[in-house]
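Dear colleague,

Please find below the structure that I am handing over to you.

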Amino acid sequence: MLFRSALTLACWVKVDSVDKKYSGLLLTDGYDNGEPHWQIYEDGSLMFSIMYRPAGSDPGKKWNQMYYSKPVFTSDSLGRWHHIAVSYDGQSGEVVQYFDGAEVGREISKLHKPGRAITFGPCEIGNWGLSTEGHQFPVRHLNGAIDEFAIYSTALSAD
């Protein structure tokens, strides 16, 4: 497992279609505390989330911090290569998302608490091979291709 206080994920992606609720970019096998998920949401927006469930908490309650960009994978951008990135600052809680170098989302979750670690267990790029048992949306493979996937242990700026 890796423990970090900040994170940037970046890759080249060619999306052929957005044909399910969630299309995986990087998904941890489970969704344990501190584990990030990066996906494309059904409306074509980029979606970054990170789980921080307090010990002894109600498992049915939403504890994950979720961040959405504006929709970027639309009919005019499908089938072509695009560079996408997301940065997460664990101290400030700010998430910034990029599409072809342009900022397409910036926000801080109301659930954010500074200083919590980012953790990686086993992960898959472009798929969710070990989804949570009985999950409502278990199929999350990307309909497209990913190249040059990079993970940085800092929140990189737009530069």
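D19 is partly exposed, because its relative accessibility of 46% lies between the 20% and 50% cut-offs. Its salt-bridge partner is K20, with the closest N and O atoms 2.7 Å apart. K20 counts as buried, since its relative accessibility is 15% and the limit for a buried residue is under 20%. Please bear in mind that this is a predicted model.

In total, five salt bridges are counted. Another of them joins the side chains of K21 and E42, at 3.2 Å from N to O. This pair links distant parts of the chain, as the two residues are 21 residues apart. K21 sits in the loop between β2 (6-15) and β3 (22-28), whereas E42 sits in the loop between β4 (36-41) and β5 (45-50). K21 is partly exposed at 25% relative accessibility, and E42 is likewise partly exposed at 42%.

A further salt bridge is formed by the side chains of R106 and E94, with an N to O distance of 3.0 Å. R106 belongs to strand β9 (residues 102-108) and E94 to strand β8 (residues 94-99), so the pair ties together parts that are 12 residues apart in sequence. R106 has a relative accessible area of 45% and is therefore partly exposed; E94, with 26%, is partly exposed as well.

Yours sincerely

Note on methods
Residues are numbered from 1 along each chain as its sequence is written. This is a predicted model: local features need pLDDT of at least 70, side-chain atom pairs count only at pLDDT 80 or more; totals for chains, interfaces and linings use all residues. Side-chain values use heavy atoms; hydrogens and water are left out. A salt bridge is a side-chain nitrogen of Lys or Arg within 4 Å of a carboxyl oxygen of Asp or Glu. Buried means under 20% relative accessible area, exposed over 50%, partly exposed in between (1.4 Å probe, protein chains only). Helices (H or I, at least four residues) and strands (E, at least two) are DSSP runs, numbered from the N terminus.
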